[in-house]
Amino acid sequence: MLFALTPYGDAMFNQRQMPLLLAELDRLPAACAGEWVAQARELCQVVERGTHPYLWFIGD
């Protein structure tokens, strides 16, 4: 799922994709870790709860 993220394009994930995205975040190497991972997990949980149907990443 993370392959869809680019600095210049937009990416959208739906509620059914959240488990896959969360699993990929769990498998990230330590060199890629940071506060952004915790923030991304928090946003995934918002989508899983049904508060919002999609998680958008907006590039550039």
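This report describes the fold, surface, core and selected residues of a predicted protein model.

## Overall fold

The protein contains two helices and two strands. Read from the N terminus, these elements follow the order β-α-α-β. The radius of gyration is 11 Å, close to the 10 Å that the globule rule gives for 60 residues, so the protein is as compact as a globular protein of that length. Along the principal axes, the C-alpha atoms fill a box of roughly 30 × 25 × 15 Å.

## Surface and charge

Of the 60 residues, 27% count as buried. The protein exposes about 4300 Å², and carbon and sulfur atoms supply 57% of this area.

The charged side chains comprise 4 positive and 7 negative ones. The centres of these two sets lie 10 Å apart.

## The nonpolar core

In soluble globular proteins, nonpolar side chains tend to be buried together. In this model, the largest nonpolar core has 13 residues. Those with the most contacts inside this core are F13, M18, L21, L25, C44 and L55. Strand 1 (11–14), helix 1 (18–26) and helix 2 (35–48) each give two or more residues to the core.

L55 illustrates how separate parts of the chain meet. Leaving aside residues up to four places away in sequence, L55 touches A11, M12, F13, M18, L21, L43, C44 and V47.

## M12 in strand 1

M12 is found in strand 1. Its relative accessibility is 35%, so M12 counts as partly exposed. Not counting residues up to four places away in sequence, M12 touches Q17, Y54, L55 and W56.

M12 can also be compared in position with I58. These two residues are 46 residues apart in sequence, yet their C-alpha atoms are 8.6 Å apart in space.

## D60 after strand 2

D60 lies in the segment after strand 2 (54–57). With a relative accessible area of 80%, D60 is exposed.

The backbone of D60 also deserves mention. Most residues other than glycine have a negative phi. Phi of D60, however, is near 20 degrees, a positive value in a residue other than glycine.

Note on methods
Residues numbered from 1 in each chain as written. Predicted model: local features only at pLDDT ≥ 70, side-chain atom pairs only at ≥ 80, totals over all residues. Heavy atoms only, no water. Helix = DSSP H or I, 4+ residues; strand = E, 2+ residues; numbered from the N terminus. Rg over C-alpha atoms; globule rule 2.2 N^0.38 Å. Buried < 20%, exposed > 50% of the residue type's maximum accessible area, 1.4 Å probe, protein only. Areas by Shrake-Rupley, 256 points an atom, 1.4 Å probe, with all protein chains shown as cover. Lys, Arg positive; Asp, Glu negative; His and termini not counted. Charge placed at Lys NZ, Arg CZ, Asp CG, Glu CD. Core = buried A, V, L, I, M, F, W, Y, C linked by side-chain atoms within 4.5 Å. Contact = heavy atoms within 4.5 Å.
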